[in-house]
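Q: Could you walk me through this structure slowly? I'm new to this, so please spell out the terms as we go.

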Number of protein chains: 2
Amino acid sequence: LNAADQPALVLFAHGARDPQWAEPFKRIQAAVRARRSGAVVELAFLELMQPVLADAIKKLVADGHKRITVAPLFMAQGGHLRNDLPKLLDSIRAAHAGVEISVLPAVGDVETILNAIADWLVGALPH
Amino acid sequence: LNAADQPALVLFAHGARDPQWAEPFKRIQAAVRARRSGAVVELAFLELMQPVLADAIKKLVADGHKRITVAPLFMAQGGHLRNDLPKLLDSIRAAHAGVEISVLPAVGDVETILNAIADWLVGALPH
């Protein structure tokens with residue numbers, strides 16, 4: 001299997017000054033790699049942490065990937081996903097003609113994740 | 001059952017200028033209410049949206065609630081949860097002596113939610 005045939009996934013998170021902030025995203029990265037052996041899963045950030053999205057994708061393209069999926073690990077759709085991300089993608093796509101870049105919905109728009117959150121909250125409620 | 005015996009849950013999210021941003025939190029609120037009939041579940045925000053946390057808790061206390069659980073619907077622990085939230089809670093607790101206010105971990109620190117996110121990502125990967 002050469003890189004061009006392998007899907008690459010970029011977990012795109014906000015970023016923060018606090019290094020501990022990246023921990024859950026690293027755990028999700030490890031969990032996806034464990035579930036799909038050989039999957040290429042990288043982290044990228046909007047701000048305050050490295051690499052930024054453009055750099056993460058540049059590296060994947062340099063490695064030969066032609067199909068890249070961006071998963072925005074944001075709770076909800078706001079200005080970052082509705083304004084900032086499309087602008088970033090316009091410029092990234094222009095720099096990498098022939099590379100297919102798709103974008104998943106926000107975490108808060110995925111029914112199974114909302115259900116997992118609701119189940120956790122109900123379990124955490126005092127009786 | 002009087003209000004003092006009823007657990008109250010506050011879903012605490014960041015807030016955004018974009019009104020659409022609140023949608024997933026409203027859906028989680030509805031899902032928790034559907035799973036635990038009679039549960040008191042309110043939304044509150046750190047900034048940019050109303051009500052802020054202090055106002056949401058003030059209203060619950062005025063309604064007679066003595067046990068309030070704050071669920072931070074943030075992807076990860078960063079400055080907002082490690083610095084801003086404790087400061088807010090200090091001032092809120094000082095204003096409401098005798099009310100027990102507990103705080104759940106961030107969404108990204110909950111194993112079942114990380115697993116739901118990882119499962120979704122694996123399912124979304126191209127083959």
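Q: What should I know before I start looking?

A: This is a predicted model, in which local features need pLDDT of at least 70 and side-chain atom pairs count only at pLDDT 80 or more, while totals for chains, interfaces and linings use all residues. Residues are numbered from 1 along each chain as its sequence is written, chains are lettered from A and ligands numbered from 1 in the order in which they are written, and side-chain values use heavy atoms, leaving out hydrogens and water.

Q: How do α1 of chain A and α4 of chain B cross?

A: Helix α1 (residues 23-35) of chain A and helix α4 (residues 111-124) of chain B have axes that come within 9 Å and cross at roughly 50°. Helices (H or I, at least four residues) and strands (E, at least two) are DSSP runs numbered from the N terminus, and axes are lines fitted to C-alpha atoms, for helices over the stretch in contact, with angles running from 0 to 180 degrees between N-to-C directions.

Q: So what do you call that arrangement, and what is its hand?

A: α1(A) and α4(B) are therefore oblique to each other (angles under 35 degrees count as roughly parallel, over 145 as roughly antiparallel, 65 to 115 as roughly perpendicular and the rest as oblique). Their crossing is right-handed, meaning that the near helix is turned clockwise from the far one by less than a right angle.

Q: Which residues meet there?

A: On the α1(A) side they include Ile28(A), Ala31(A) and Val32(A), and on the α4(B) side they include Leu114(B), Ile117(B) and Leu121(B). The residues of this contact of α1(A) with α4(B) divide into 9 nonpolar, 1 polar and 4 charged (Ala, Val, Leu, Ile, Met, Phe, Trp, Tyr, Cys and Pro count as nonpolar, Asp, Glu, Lys and Arg as charged, and the others, Gly among them, as polar).

Q: And how do α4 of chain A and α1 of chain B pack?

A: Helix α4 of chain A and helix α1 of chain B pack at an angle of about 50°, with their axes 9 Å apart, and α4(A) passes α1(B) in a right-handed crossing.

Q: Switching topic, what's the strand order in the chain A sheet?

A: In chain A, 4 strands form an open sheet in the order β2-β1-β3-β4, and the pairing is parallel (two strands pair if DSSP finds at least two bridges between them). The edge strands are β2 (40-45) and β4 (100-103) of chain A, each pairing on one side only, and the twist averages 25° from one strand to the next.

Q: How many bridges join β1 to β2 there?

A: Strand β1 (residues 8-13) of chain A is joined to β2(A) by 6 bridges, and Val10(A) has Glu42(A) as its bridge partner in β2(A). Helix α1(A) lies across β1 and β2 of chain A, running at about 165° to β2(A).

Q: What about β1 and β3 in chain B?

A: In chain B, 5 bridges join strand β1 (residues 8-13) to strand β3 (residues 67-72), which run parallel, and Ala8(B) stands opposite Ile68(B) in β3(B). Helix α3 (residues 79-95) of chain B packs on the sheet and touches β1, β3 and β4 of chain B, its direction making about 170° with that of β4(B).

Notes. Contact means heavy atoms within 4.5 Å.
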